Amino acid sequence: MDSLAEMVETALRSQRHRIDTATEYLFGQRAAGRFNTERAIEVYRIAIDNAVWEELKGSPLRRQIYRGYKSGHYAVALATELARQFKEAHGASDQRQERRWFRSLLGS
């Protein structure tokens with residue numbers, strides 16, 4: 001278990017540009033008024049998954065190691081933390097547009 005956590009940390013250090021790219025995307029979403037916490041978590045999770053997969057490139061056991069990594073749910077926990085840090089550091093809050101089809105149910 002510790003070896004998987006260490007592998008994830010190593011992958012994130014060597015593939016830092018993936019997290020930076022995800023953060024830039026979230027800045028754009030925030031500026032456009034479309035920031036959403038759920039989407040932020042998804043964006044960070046994808047960046048983490050891609051970093052880990054790239055780190056395992058060339059390893060003959062990469063599929064088995066990656067499967068173990070995915071079953072450990074490291075990416076979701078780390079992505080949730082990164083999204084929380086982004087929101088705190090930049091004052092971001094959910095800007096999701098009102099869902100119009102709820103209007104008739106709510107009597108508006």
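Helices here (H or I, at least four residues) and strands (E, at least two) are DSSP runs, numbered from the N terminus. You're looking at a predicted model, where local features need pLDDT of at least 70, side-chain atom pairs count only at pLDDT 80 or more, and totals for chains, interfaces and linings use all residues. Residues are numbered from 1 along each chain as its sequence is written, and side-chain values use heavy atoms, with hydrogens and water left out.

Start by coloring by pLDDT, the predictor's confidence in each residue, from 0 to 100. The protein chain has a mean of 87. Confidence is highest in helix H2 (residues 16-31), at 95, and lowest in helix H6 (residues 103-106), at a mean of 60.

Next, go for salt bridges (a side-chain nitrogen of Lys or Arg within 4 Å of a carboxyl oxygen of Asp or Glu). The whole structure has 8 of them.

Select helix H5 (residues 74-90): Glu88 and Arg84 sit there 4 residues apart, about one turn of the helix. Their closest N and O atoms are 2.6 Å apart, in a salt bridge. Glu88 is exposed at 59% relative accessible area, while Arg84 is partly exposed at 36% (buried is under 20%, exposed over 50%, partly exposed in between, with a 1.4 Å probe, protein chains only).

Zoom in on Lys57 and Glu54, whose side chains meet at 3.8 Å, N to O.

Last stop: helix H3 (residues 37-55), where Arg39 and Glu42 lie 3 residues apart. Their side chains form a salt bridge at 3.4 Å, N to O.
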